[in-house]
Every structure is written in C-alpha cells, then in structure tokens.
Amino acid sequence: MALYKGFSTKSFNYSSPTTIVGTIDNDFGPYTLSDKNLVIMDLLNHFNIRKGEKLMHPNFGSIIWDRLFDPLTIELKDAILKDVTDIVSYDPRISVLNSVNIQESPDGHGLLLDISIVLKSTNELVNLNLAFDGTTGVVNSQVSY
C-alpha cells in the first residue's frame with residue numbers, strides 16, 4: 001500500500017489496518033491509509049470543498065457547488081465530467097473511473113451523480129450515488145461495493 005499524506009475531518013481509533021491522525025486531535029502528521037471506507041470518505045471530502053476554497057490550494061475542490069443552478073447543458077455536463085475525473089485521479093488509491101452519470105435532481109435544486117470507481121488495493125468496484133443539494137449545501141451519498 002502506498003503512503004498517502006493528507007488530512008481527514010474525523011478521528012478514528014488508532015488500530016490496524018487503518019491508522020489515521022485526525023484534525024480533531026490537532027496532530028497533522030502523515031498517516032497510512034488502507035481502509036476502503038476511508039478512501040471513500042476522503043473522496044467525499046474533496047467533493048464537499050468548493051474549488052478555490054482550500055487555503056493555498058486554489059485548484060483543489062469541485063466546481064459543482066458553483067454550477068448547481070445553471071442549466072444542465074452538454075457543456076456543463078462535460079465540465080462536471082472533467083471535474084469528477086480530476087478529483088478521482090487526484091487520489092492515488094483509486095485506479096480507474098469507470099463511469100459517471102449526471103442528472104438534475106427531481107426538485108431542480110441540485111445534481112445527482114452516479115460514479116463508479118475501482119480501488120487499487122483490492123480491485124474492488126465501488127458505486128457512489130451523490131446528491132448535491134443546493135438548498136442545504138450538503139452532499140448526500142450512498143455507497144455500494
């Protein structure tokens with residue numbers, strides 16, 4: 001398993017196979033990631049940050065939050081697909097982005113994304129159903145392995 005240096009917004013028990021130091025403990029050292037749920041959580045954290053919102057990392061984050069109420073044209077779908085591809089390829093623990101399906105939410109206040117990825121450590125297919133809600137500012141997610 002490759003060493004991935006990053007941060008997490010949650011603290012975890014310090015037991016194997018996942019070892020993590022969360023920001024709640026104010027300890028920002030490197031940690032080893034090997035748990036598939038942690039990979040998914042980090043991916044969701046990336047989607048929850050607006051592009052340009054992370055201090056000193058203007059290219060980190062997602063454009064989706066800024067485009068939620070725009071008409072869902074082919075150009076916007078292409079921009080979101082590129083954004084999703086960039087976010088997934090940013091994480092070295094994910095090997096392949098299999099597919100992305102982009103739809104407007106039924107109430108018209110958000111976007112629905114169905115994303116299929118493959119985890120490097122297990123070659124396991126993971127399906128993510130993400131609902132970006134423009135009224136609450138929350139990503140609701142459903143994950144299936």
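Strands here are DSSP E runs of at least two residues, helices are H or I runs of at least four, and both are numbered from the N terminus. Two strands count as paired if DSSP finds at least two bridges between them. In this pair, leucine 113 sits opposite leucine 130 in β3.

Keep in mind that this is a predicted model, where local features need pLDDT of at least 70, side-chain atom pairs count only at pLDDT 80 or more, and totals for chains, interfaces and linings use all residues. Residues are numbered from 1 along each chain as its sequence is written, and side-chain values use heavy atoms, with hydrogens and water left out.

Now zoom out. The 4 strands make an open sheet, ordered β1-β2-β3-β4, with antiparallel pairing. At the edges are β1 (94-104) and β4 (138-144), each pairing on one side only. From one strand to the next, the twist averages 20 degrees.

Over at β3 and β4, 7 bridges link the antiparallel strands. Aspartate 133 has valine 138 in β4 as its bridge partner. Their hairpin has 4 residues between the strands, and glycine 137 there takes a positive phi near 75 degrees.

What about the helices? Contact means heavy atoms within 4.5 Å. Axes are lines fitted to C-alpha atoms, for helices over the stretch in contact, and angles run from 0 to 180 degrees between N-to-C directions.

| Helix | Lies across | Angle |
|---|---|---|
| α1 (residues 36-47) | β1, β2, β3 and β4 | about 30 degrees to β3 |
| α2 (residues 74-90) | β1 and β2 | about 150 degrees to β1 |
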